[in-house]
Structure formats: structure tokens, C-alpha cells
Amino acid sequence: MEDGTQHLGHCMVDMKELSANPEGLTAAACNDLVASGRDRKPNALVQVAVIDPHKQHLVSHACTEIVEANKDPLFLTGVTFPSEYPASPETLVKLSVYDAKDKSQESSTFLGSATFSVGDLLRAKDERLTLSIRSSDGVCAAGTVVVSRLKMGEMEEVDIDHITTDIPSHKCPVVCESASHACIDRENNPLTGPVFKNPVCKVYRFQTVDSKWMLVREQMEECTLSFSIPKQLLSLYIQEDMSRVQDLRELGELSPHWDNLRKEVMTRYGGIINSYQETLAELDKITGRSFKPSCCKAQKSLEFIPINLHTQRMRVTCPRKTDAFYDIVTVGAPAAHFQGFKCGGLQRLLSRYEAEKKSFSTAYQCIYYSPEHTAKAQEVLSTVSLLQPLITSLADQLLQAAQEHSSPGLRDALKNLSDKTEQFVHTLKDELVKSALLALHAARPGYVSKNQKQTPVQGGQHQGHIHQGSDQNQSPVQGLPGHSPATSVTESTAVCNNVDGSQTTTRDGGPKHQDSIPHHKEYDEEEWDRVWANVAKCLNCVIAMVDKLQEEDNSRQEPVPEQQLADVITSHNPGDWREQLRPPVTRLKECVMEVVEKAKRAMTFVLLQEAACSIPQGFFLQQRRDVVFSQALAALACGFVMRLYAGMQDKGFLRQLHLVGLVAQFESLLSTYSEEIGMLEDMEVGISDLQRVVFQITEAKTDDLSDLQPLVCGRRDHFTVEVPLPRLVFQTLPEEIKGGKPLRVFPVLFNVGINEQQTIAERFGDISLQERINQRNFEMLEAYYKSLSEKVPLECLPCFQTQTDIKELLETLGQNVVTKKKKNVEILWIAGTICRRLNGIRFTSCKSAKDRTSMSVTLEQCALLRDEHQLSKDFFIRALDCMRSRLTQGDIGQWEDPEAGAVTENKPASRHFYPIALLLVSSHLLVVWLILSLVFLLAKYQ
């Protein structure tokens with residue numbers, strides 16, 4: 001202030017229950033402020049700081065938004081104090097009023113301040129303090145500030161006529177938060193502490209169309225799953241690959257060709273295992289951090305960690321209405337930034353890899369298996385590994401029930417054993433296992449094919465002789481008895497080692513001759529059928545024995561002649577149920593073990609051939625896919641846990657959860673140009689891979705926070721995320737969920753690029769990737785809604801003010817997906833609306849989950865306030881500015897970057913353009929400039 005005597009007016013501040021918990025401080029208004037320069041109105045803001053009397057230092061805590069060019073500013077942004085701030089009566093609070101003269105230069109002028117203690121406020125008459133604002137010299141009074149302590153409760157309209165103002169419209173009700181809305185101690189809360197931490201709260205008050213005032217609280221938190229999920233996945237990857245190496249060792253003796261391939265594949269697996277172990281060791285060293293900032297997105301040790309994973313909840317309190325809250329998860333696009341995007345992303349790389357794998361199979365002299373067959377082999381391995389110990393355990397339970405002579409226990413154990421055994425047999429009822437066993441036999445040393453046995457062996461011929469005389473590469477399993485052309489592996493096979501490839505097929509799929517079928521005098525082609533069928537036969541024997549025992553037990557309970565009773569007792573001792581059941585049960589377990597060993601060897605050989613055909617590209621792609629999936633799963637687990645915690649009291653939501661599952665809608669703002677094409681291709685595959693994930697709700701061992709951390713188990717083809725809940729909470733769940741029913745999630749991805757690079761892509765590039773993604777995921781969303789409407793009543797879905805039918809919204813979305821329109825953000829709006837109407841989980845992503853993501857989230861929040869809570873149209877832009885203001889939290893005089901704490905400027909992306917005014921002097925120079933700029937653009941973004 002120039003003369004130090006200018007009257008700055010007064011500003012009102014609301015204080016809330018500071019004696020118990022210093023939760024909120026809401027600045028209401030300032031009056032008659034004077035700018036540091038007389039020729040303009042001030043751009044006012046109020047900074048709040050806390051002075052700790054014991055440590056004698058000032059903590060700059062937060063401030064309001066900037067209200068531009070107004071001497072009577074009405075501040076909409078409040079200030080919240082988290083629980084970790086001291087709340088003693090000696091705690092001092094300082095309010096400072098500033099004039100931000102030039103936001104672009106980030107300069108501000110101090111106008112005045114006022115200081116009070118919490119104790120003064122608590123002892124004040126009528127729970128109100130009137131303080132003088134002192135100028136920078138500390139002598140001149142620069143107005144007054146009113147601080148009032150309000151009781152917690154509903155929003156009230158309070159008369160503030162004691163505040164002088166020349167503008168009646170600026171009189172506003174005092175905002176008062178209820179105690180339930182306050183920032184609770186999240187660190188020790190059993191439903192938040194294990195997963196969410198470091199909350200950042202912001203409070204606003206906005207006017208509705210009927211001149212009421214709503215309270216809006218934003219709460220953003222970090223998620224511990226950012227690190228815990230990737231670390232668990234890395235451990236599972238290492239465990240799975242080590243198991244794969246062990247399976248390869250247990251294949252037995254192979255011919256030199258296949259043995260060399262096996263060694264090379266094992267070496268590759270060893271490299272991946274070492275790399276993952278190093279990454280896991282580096283992650284274990286990190287403590288304290290709960291998210292990965294975007295500046296570290298290309299750091300190798302953090303490549304499995306999602307970028308900027310945060311949760312955000314907007315809670316809205318309106319007079320005489322039920323509170324509403326809206327959740328969203330923000331995360332950087334799941335992508336392999338460290339590996340780069342020079343050759344594209346996963347979707348393009350996988351397509352190219354599958355097209356080239358046939359030529360790889362010929363070069364490595366192995367069978368080419370399609371992705372479907374490879375996936376089937378992984379499924380068989382996973383299923384038999386899971387079912388074999390389960391069948392053994394159930395068989396032991398059956399014997400235990402027999403020993404206890406418990407007929408009900410016997411029936412229950414037999415039913416469970418029959419179900420799991422039938423599932424086991426059904427899993428192995430696949431020609432792939434049979435054909436793989438035959439191919440494995442052909443890879444053994446000393447194998448001689450039928451064709452070779454019929455022809456005298458020449459001096460230079462030996463095992464491993466390869467015939468490639470035919471134009472069409474064939475598998476050794478074509479023409480096997482019972483091998484249906486519809487399921488023939490030869491539809492996608494090439495040449496196998498030690499196999500004559502001269503067989504050709506007719507157009508109807510039948511073999512002309514079978515000279516290429518591997519034969520060996522010691523190999524029985526029907527052996528697998530017998531071994532596989534023996535499991536079912538043994539199960540039937542067990543069932544027959546149980547029925548017999550129960551019939552005898554029933555007959556003993558009926559009156560019978562003495563002679564017959566003596567015969568029964570003589571022939572069957574009633575105490576030997578277990579001994580009578582032991583032989584068939586033991587035989588069943590032995591048959592299951594024999595089948596498991598053969599099936600594991602067969603499927604391991606399939607995966608060996610698939611791995612051999614893919615060296616080295618396939619291993620690089622697997623690592624890239626692991627990285628992307630890790631980021632996507634961490635985000636999904638975070639969203640699922642957040643949605644589950646929010647819906648624990650909603651019976652309709654819980655019913656939908658176990659009957660159908662939840663939709664997880666990922667909103668992407670990536671462009672289809674330059675590197676972001678590769679990011680989008682990575683993200684598409686990563687989100688699609690989430691279909692292999694199910695969730696299970698479990699009862700925590702204890703209520704300790706360490707026992708409430710979500711756990712991941714499974715293999716690459718199928719993962720289960722277990723979410724433990726405290727015992728008291730768990731007991732309130734439906735029986736289906738408590739019984740461990742797998743809960744499905746249906747991930748869908750919609751992408752619309754919105755930045756300047758998307759403009760270039762739409763004019764000169766290709767947006768077919770975006771169009772295909774949106775069309776495919778619309779069909780998936782439509783299928784989910786059809787399933788939901790058939791199984792769950794619409795009453796289970798949440799109610800919204802906008803009564804547009806979901807079916808109508810889907811029709812509109814379908815029309816927008818096929819419409820050729822530039823930057824059609826209606827797709828994202830409608831998809832997000834449908835997701836919320838379906839009780840789904842919302843995600844928003846861009847490259848780093850910063851600028852574009854924050855613009856999208858804040859716009860969506862304001863739209864929700866307008867559509868669902870009647871936000872006044874006059875306050876829409878101001879509400880948007882408040883939520884986007886970087887000065888809401890932080891120091892005066894700088895724009896705070898949430899990640900680096902450094903000054904951030906919005907500079908234009910294309911810095912290579914020179915001042916056009918200098919080029920207009922000559923048309924020749926202008927042409928040269930245009931050509932050079934175009935060349936620069938092409939070189940940069942290709």
C-alpha cells in the first residue's frame with residue numbers, strides 16, 4: 001500500500017468446531033478492497049496460514065481462488081484443515097489478503113492481515129471475533145475481518161447484515177459442514193486406511209437456481225495399490241516363469257534339435273526372471289511414496305507402476321436433500337513408456353507378431369499354434385494344477401466322513417468330489433492334449449516315423465531327419481482317430497521336428513494318406529484315451545461303493561429276520577467303511593495324478609514350441625504386456641475397492657455385484673498421432689486383458705490394517721484379486737459374496753483425442769484405431785446392459801435427476817460412435833453418464849493424468865452440479881474456475897505443481913514456429929518457412 005491509510009474493508013471467515021477438530025475455515029467475502037494501483041480493481045484472494053506456537057514457525061496452508069477485478073469479491077473456495085494439523089487453544093491462524101496484479105507473471109501485492117488464536121475464538125462472546133486487518137507496516141487499520149464459530153449441522157441461511165456491502169446479491173448464507181463430511185482419520189479407518197492415504201480436501205459453496213447454497217467437497221487421495229499390486233504381480237510372474245522352467249526340465253529327454261530349443265527358451269525365461277527380480281528389489285527399497293509422478297514414467301525400475309494414480313470424490317450437500325457423492329479414478333494411460341513407441345504399441349506389435357510367427361515356426365522346425373491353442377494350453381495347465389490338489393483334498397474328506405460313519409457328510413463330500421472330478425475330465429476332453437502328446441513322442445530321441453520304417457535308412461539319415469517336400473506344412477496329428485476337422489490343430493500348424501511333412505489334405509479336410517502320422521512300436525495311440533477315461537471309471541467306482549455302503553446302512557436300520565441280519569453282519573463289518581472306500585479312492589487319486597503328469601508334459605511341449613517360434617520377439621512382447629497389464633490392474637483394483645467401500649450399505653448394488661458384475665469405463669483422451677498412437681495401442685490391450693481378472697471378497701484374519709490389504713493370486717491367463725473386509729463388515733454381505741463367489745468386472749474403453757495433435761491426425765492422419773476401439777467397446781457395453789437388465793431389476797440402479805432412459809442413452813451413444821465428427825466428445829459424455837447410471841466405475845486417463853485429465857474431470861463435476869443439483873448458470877464458469885485454480889492450495893506468488901512444486905507455464909507445444917511478422921517481408925521467406933515447419937512436424941511426429 002502506497003500511503004498506508006487506505007481502507008481495505010473487511011472480510012468474513014467461518015470457523016468450524018476448531019476446539020474438537022480444526023476441519024474447515026471458509027472465507028466468505030471481502031468488502032471495499034482497494035488495489036495497490038488506483039486505476040484498477042483488485043484481483044483479491046485470501047491466504048490462510050497456521051502458526052504452531054511450540055515450533056514457532058508459520059505453515060502456509062491454503063488460500064481461496066482469485067476473484068478478478070472486484071472490490072467486493074465473493075469467495076467460493078473454502079479451506080479445510082486435515083486432522084494432522086494441531087488443534088490446541090494456543091494454535092494461531094493468520095489470514096492474509098493479497099492483490100494478484102498479474103497472474104501471468106505470478107506477482108501479487110500484500111494488502112493486509114489478521115491473526116487470532118483458536119482459544120480466543122472459543123472464548124469469544126456469541127462465538128464470533130471481529131478483528132482489524134493491519135497493513136504491512138502493522139500500524140494502520142485496513143478494515144476488519146469477522147471470524148465466527150459455527151455448530152456442525154445442516155446448511156443454514158444466516159443473516160449477515162452485520163457485514164456492510166453495497167451489493168445485495170453478494171450477501172450469502174454461511175456454509176456449515178456436517179460432522180459426517182469432515183475429513184476423517186483415513187489412516188486408521190478399517191475401510192480406507194489400507195488402501196487410501198494422504199487426502200487433499202477442497203471445499204466450495206455454489207449457488208443453485210433457487211438462490212440456495214450448496215456445499216461441495218472435493219477429496220483427492222493417493223492409493224497404496226499403485227505399488228502393492230505391481231509388486232504382487234511381479235512375484236507371481238517370477239513364480240510362474242520359474243515353474244515354467246521347471247516344467248521344461250521335467251519334459252524328459254528330447255532329440256538334439258528340441259533339446260537345443262529348450263535350452264534357449266530356458267535361457268530367455270532366466271533373463272526375464274532376473275530382470276523382474278531386480279525390479280522387485282528396487283521397488284522394495286521405495287518407502288513412503290504412494291504414486292508415481294509423470295516425470296518418472298520412463299524410469300525402468302518404475303515401469304510396472306501406474307502413472308499418477310489418484311482417487312477423487314466430490315460430495316455435494318444441498319439444503320433438505322440427501323447428500324450425493326461422485327467418484328472417479330484418474331491415472332495415466334497404461335503403457336510401456338520405458339520401452340518406447342517407435343514401432344507402435346501392443347495391438348500393432350501383436351498383430352505383426354502373429355502374422356510372422358508362421359515363418360518363425362518353419363525356421364525353427366516346430367509346430368505353429370494359434371493364439372487360441374496357446375491360450376487353451378495355458379488354461380489346461382492352470383486348471384489341472386488347481387484341480388488336482390483339490391480333488392486329493394476332497395477324496396481325503398470323503399474317507400474322513402466314511403471313518404465317522406456320517407451319511408450326510410459322505411453325501412456332501414461325494415457331491416463335491418464328483419463335481420470337481422467331472423470338471424477335471426471336461427477340461428482334458430480336448431484333442432489338443434492328445435495331439436500334443438503325439439508330437440512330444442515324435443520329439444523323443446530314437447523316434448522313427450512310419451514312412452521312415454517303410455523305407456530303408458540311408459547312411460546319412462538318422463533321427464531328426466526333416467522332410468519339407470510338400471507345399472503345405474502339416475501337423476503329425478492330422479487324421480488321428482476321433483480328430484475332428486472342426487477342431488483340428490492342423491488348421492494352424494506348420495512343420496514339426498522328426499515329422500514327414502509330405503501329407504496333403506483334400507478340400508473336405510480329410511487326409512489322403514497318413515504317412516506323416518508319427519508311429520512307434522512302443523507308443524500306443526489310444527493310451528491317452530484309456531488313461532483319461534480311467535478317471536471317470538474310478539469316480540464311478542467310488543460312487544457305486546458309497547451307494548452300496550449307504551444301502552447297507554439303511555438295511556441295518558430296518559427290521560430283518562435274525563438269519564439275514566447275521567449274514568449281513570458276517571459279510572460286512574459296519575466299522576470298515578473307510579477300509580472299503582480306500583481302494584477305489586486311492587485308485588482315483590493315482591489316475592488323476594497320472595493324467596496330470598501326461599497333460600502337463602503335453603501342454604508344456606505346446607508352450608515350448610510357441611516360445612521357440614517367438615524367440616526373441618515373443619519374450620519382449622510378453623514383458624511389454626506384463627508392464628501394461630500391471631498398470632491397468634492397479635487402477636482397476638483401486639476403482640473396485642473404492643466402489644465397494646462406497647456401496648457397502650446399498651443392497652441393490654451388492655445384488656448387482658454378485659449376479660452380473662460391474663462395468664469399468666475407461667475414458668481416454670489420447671490423440672491418434674505420433675507416440676500417443678502407441679500408448680493407445682498399449683492401453684487397448686491392457687484394458688482388454690482385464691477381462692481375465694475376477695474379484696473375491698474375503699473375511700480378514702484380524703482388523704489390523706496390514707490384514708486388510710488386497711491380495712492378488714493366479715497366473716497370467718487368470719488372476720483373482722482378494723479384497724479382505726473386517727469381520728463385522730463382512731457379516732453384512734449377501735451369502736453369495738460371503739461364499740467366495742467370483743465377482744466379474746467388464747472393462748470398456750472409449751477414446752476421443754482432444755488436443756492439437758488430434759487436430760493434425762483428423763486432417764492429415766488416420767483415426768481408424770479410435771473408431772474401431774469405440775465401436776468394439778460400445779458393443780461390449782450394450783451386451784453388459786442386456787445381461788444386467790435380464791438379471792437385475794432396474795430398481796437396483798441409482799436414481800438421477802435426469803430421467804433419460806439408459807436404452808435411449810445407448811442408442812444415442814451408438815449413433816455418435818458411427819458418426820464421422822471431429823473430436824466428438826459426446827461419446828465420452830454419454831459413456832460416462834451410462835457408467836454412472838449402471839453403478840459402474842469411472843476412470844479418466846490421458847498421457848500423464850494431469851492437464852487433459854484435470855480439464856475433463858472438473859468439467860464433468862460442474863456438469864453434474866448443473867444437471868443433478870441445479871447449479872445456477874451464473875455460477876457455472878466460476879465453479880469451473882474454482883476447481884481448476886492452482887492457487888487453491890499452495891503459496892502465494894507461484895503456481896504450485898502437485899508433483900514437482902515448481903512453477904509451470906502453459907507454453908505452446910510448437911516452439912519451432914518463428915515470428916510470422918518477420919516472414920511477411922518476403923513471400924519467398926514465407927514459403928520457405930512453411931516448408932521447413934512442415935518438415936519439422938513430420939520429422940518430430942513420425
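**Aromatic contacts**

I found Y237 buried, and Y276 likewise; buried means under 20% relative accessible area, with exposed over 50% and partly exposed in between (1.4 Å probe, protein chains only). I note that this is a predicted model, in which local features need pLDDT of at least 70, side-chain atom pairs count only at pLDDT 80 or more, and totals for chains, interfaces and linings use all residues. Residues are numbered from 1 along each chain as its sequence is written, and side-chain values use heavy atoms, with hydrogens and water left out.

I looked up the aromatic pairs and noted 13 in the structure. Rings of Phe, Tyr and Trp (its six-membered ring) pair if their centres lie within 6.5 Å; planes under 30 degrees apart count as stacked, over 60 as edge-to-face and the rest as tilted. W213 and F875 make an edge-to-face pair, at 5.8 Å centre to centre and 85 degrees between the planes. W213 has 3% relative accessibility and counts as buried; F875, at 10%, is buried too. Y237 and Y276 make a tilted pair, 5.9 Å centre to centre with 45 degrees between the planes. I also recorded one aromatic cluster formed by Y237, Y276, F304, F629 and F719.

**Charges over rings**

I counted a charge as over a ring if NZ of Lys or CZ of Arg is within 6 Å of the ring centre and within 35 degrees of the ring normal. The charged end of R205 sits over the ring of W213, 5.6 Å from its centre. For R313, the charged end sits over the ring of F325, 4.5 Å from its centre.
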